[in-house]
Amino acid sequence: GYLCSCSSAWQPPTRYTSPPSQGTFLCACPAIPPRPGSACGRMHRSLFALPGLAARRCLYARFTSQTPVPHSTMAEEGLSNDAVAKCCKEASPITKDFMMQQTMLRVKDPKKSLDFYTSILGMTLLQKFDFPSMRFTLYFLGYEDKKEIPGDVKERTAWTFSRRATIELTHNWGTESEENQSYHNGNTDPRGFGHIGIAVPDVYAACKMFEEHGVTFVKKPDDGKMKGLAFIQDPDGYWIEILSPNNMVSITA
């Protein structure tokens, strides 16, 4: 096969089974179909044509007979159900009480982040840990009842680390004053971390509230093909999926 290096956050590079002619350019960006022609450099948005994303300039790869990609290196499709079943093996009994406890995000300005995660997303601050010698603070947040937080510090610590699916915001002191300081959200090259997800009863009602608070959207519920699903950004640009459990049945069908 022959590989086009043009890709977006929503679509991997495209493999072509036969090489284009010498000097031909193909654009594999999902916003416009692959076509021969010179590199027009036209601007367009990515797969979902999202208002929150800046327009992207097409990247082009020149194809020649010297740029083959071995067929074996290109996946034709995802894993089959049988292949998945073979990969997922029985765990040791010792893992019976393991649980997903936290996801850590580095934040530039804790004032902005704490306001966002509590007043906008409705989380509760579970506990704060300061480490003066290393000049950083940890803030643990989650969807817990404030009335259940223990008053004793030691009990509160053990309780905090026994909660499921918490968010750990890490603030390195002084970053809030650094003009050029920012953190990579994983959704631009080099891609890695993607997003966290928040389940809500009504995606549209939640997004209306987000709009009223000036929250930045990556994808609104009616954008693109996946209706009823939204993506917003926190103050540091991390993506947050807003979903309704029942609506995911039709989206994933």
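1. Buried denotes under 20% relative accessible area, exposed over 50%, and partly exposed the range in between, computed with a 1.4 Å probe on protein chains only. By this criterion F193 is partly exposed at 34%, while Y238 is buried at 6%.

2. The model is predicted: local features need pLDDT of at least 70 and side-chain atom pairs count only at pLDDT 80 or more, whereas totals for chains, interfaces and linings use all residues. Residues are numbered from 1 along each chain as its sequence is written, and side-chain values use heavy atoms, with hydrogens and water left out.

3. Seven aromatic pairs are present. Rings of Phe, Tyr and Trp (its six-membered ring) pair if their centres lie within 6.5 Å; planes under 30 degrees apart count as stacked, over 60 as edge-to-face and the rest as tilted. The ring centres of F129 and F161 are 5.7 Å apart with planes at 35°, so this pair is tilted. Because F129 belongs to strand 8 (residues 124-131) and F161 to the loop between helix 3 (153-160) and strand 10 (166-172), the contact ties together parts 32 residues apart in sequence. Helices (H or I, at least four residues) and strands (E, at least two) are DSSP runs numbered from the N terminus.

4. F129 is buried at 16% relative accessibility, and F161 is partly exposed at 36%. The rings of F193 and Y238 have centres 6.3 Å apart and planes at 90°, so they are edge-to-face.

5. F129, F140 and F161 make up one aromatic cluster.
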